Amino acid sequence: MPYGPHTPDDRARMLAALDIASVDDLFADIPAALRIGRLDLPEPEPELELAARLGRLAAQNRVDLASFLGAGAYRHYSPPVVDQILLRGEWYTAYTPYQPEVSQGTLQSIYEYESLIAELVALDVVSASHYDGAAATAEAALMTCRTTRRERVLVSRGVHRQYRETIETYFRGGELDIDEIPLVADGPAAGTTDLAALERLLADADRPVAGVVAAQPNFLGLLEEMAEVGRLAHGAGALFVAVVEPVSLAVLEPPGAYGADIAAGEGQSLGIPLGYGGPYLGLLASTEALVRQIPGRLVGMTTDLEGRRAFVMTLRAREQDIRREKAASNICTNQALLALAAGVYLAAVGPHGLRDVAALGAVRAAELETALAAVGAPRMHAGAYLNEFVVRVPDAVEVHRRLLGHGVLGGLPLAEAEPDDPSLVDGLLVCATEVTTGDEIALFAWALGEELGAAMPGRGRAGPVGAGIGGGR
């Protein structure tokens, strides 16, 4: 039975004080067609019957697929210590630590997370934290507008489409402008940000640019010339936002090293399992010069009156519960449990372990490229990549659907992800990580060969060979 502290008389007095007849009147400014109305919920069931019904629903999920899907969310091994620490009650139920005298453990965990991410991205300040990578990227774009007092941001089409759409949503309310930087259409740099087009967009003196947003690796898995993007942005007085994948930073140059003013990204790869699109963890970091513009919780280390080390939330005037009308953001929160997961993961694997994770994913991706090319699915772009790339597959959407029948989730059909880009209509975006096995690669290559009518050499149509390319691991 739901518990509510207010009696009918209490509610009647509150409604009278507001001069309204019912709670529904509070939502009168929302069009009736958009209101949810009453939820059509089934009648309550006994626990045993409900558990059985939920079990039948769960059984409809496919958990047997060899997955090569990435596109911003990735399969990684997470050490058991991550979940074990997260399940402790003092972490699992903790909220924002407004009272430092009783929240030192939570504050220290956030401080450690921010310190680890700062080291990873080579920037001065990290906030904790944001709903997901898209929200963090949108906040980064807003930071550039507040800092420069300009109203136009350039975003590379190499940034995840959902991130670009989220920026557009945020900007719509503030009457800010967003223009897209096209990708190079052909040649060795095909699929990466068109630097000549960027230079032209920056040259429009009547519409000065607040910030330039580019991704490394980009949505197609390709590596961008980030230092040059930053040089062009700074030359026009704009700030540079790098959208990053954190595991890749174990082997790629960090944003701070190539001059990024702000780094944003999705932290799911850091010990957070895949689960129907969430919950995720938005990473956001900046140089110290932008510290008063960065939204989210900042935790600092200090000493108490007795000289003991202590942790506190700092620069609180930036936050919405202090100065709502002047807050750095009114739509961000502290994803503390997920920040804790990322912190524990990074501490558990360490710098050398994270480098192994990234390097093994790159090795597996190279094996995957060779195997798919052998059955008639070559790479679509010539540029360098880390662990994700696009292969050319005729009728990619239909082939992707049929691969499910072979037990393979064959990446992401780009005709669905980027429907307004005809050059990608035959593209499948595929990825490999350290948990991708040789057997899975062999199965994918065999199944794709079957669907393309090109059996793997020497194997006819007998089916995939065990151990496959690179062995069982």
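Let's start inside the protein, with a space of about 40 Å³ that makes up the second largest cavity. This is a predicted model, and a search of the whole structure finds three cavities of 30 Å³ or more. Around the second largest cavity you will find R157, L183, F219, L220, E418, D421 and L424 as lining residues. Sorted by class, that lining has four nonpolar and three charged residues, with no polar ones.

Now move to the largest cavity, which holds about 370 Å³ of space. Its lining is made of 26 residues, and G72, Y74, P217, E245 and E388 lie nearest the centre. Two elements, β6 (239–244) and α10 (336–374), each give two or more residues to this lining. Of the elements, α10 gives the most, with four residues. The class count for the lining of the largest cavity is 14 nonpolar, nine polar and three charged residues.

Two packed helices are described by the angle between their axes and the distance between the axes. Here, the axes of α11 (residues 396–403) and α13 (residues 438–452) come within 10 Å and cross at roughly 125 degrees. The two helices, α11 and α13, are therefore oblique to each other. The crossing of α11 past α13 is right-handed. On the α11 side, the contact is made by V399, R402 and L403, while α13 brings F444, A447, L448 and E451. By class, this contact between α11 and α13 has five nonpolar and two charged residues, and no polar ones.

Definitions and conventions:
Residues are numbered from 1 along each chain as its sequence is written. This is a predicted model: local features need pLDDT of at least 70, side-chain atom pairs count only at pLDDT 80 or more; totals for chains, interfaces and linings use all residues. Side-chain values use heavy atoms; hydrogens and water are left out. On a 1 Å grid over the protein atoms alone, a cavity is a set of points where a 1.4 Å probe fits but cannot get out, and a pocket is an open set with protein on both sides within 12 Å along at least five of seven lines; lining residues have an atom within 4 Å of a point. Grid points are joined across faces, edges and corners, and a volume is the space filled by probe spheres set on the points. Ala, Val, Leu, Ile, Met, Phe, Trp, Tyr, Cys and Pro count as nonpolar, Asp, Glu, Lys and Arg as charged, and the others, Gly among them, as polar. Axes are lines fitted to C-alpha atoms, for helices over the stretch in contact, and angles run from 0 to 180 degrees between N-to-C directions. Angles under 35 degrees count as roughly parallel, over 145 as roughly antiparallel, 65 to 115 as roughly perpendicular and the rest as oblique. A crossing is left-handed if the near helix is turned anticlockwise from the far one by less than a right angle, and right-handed if clockwise. Contact means heavy atoms within 4.5 Å.
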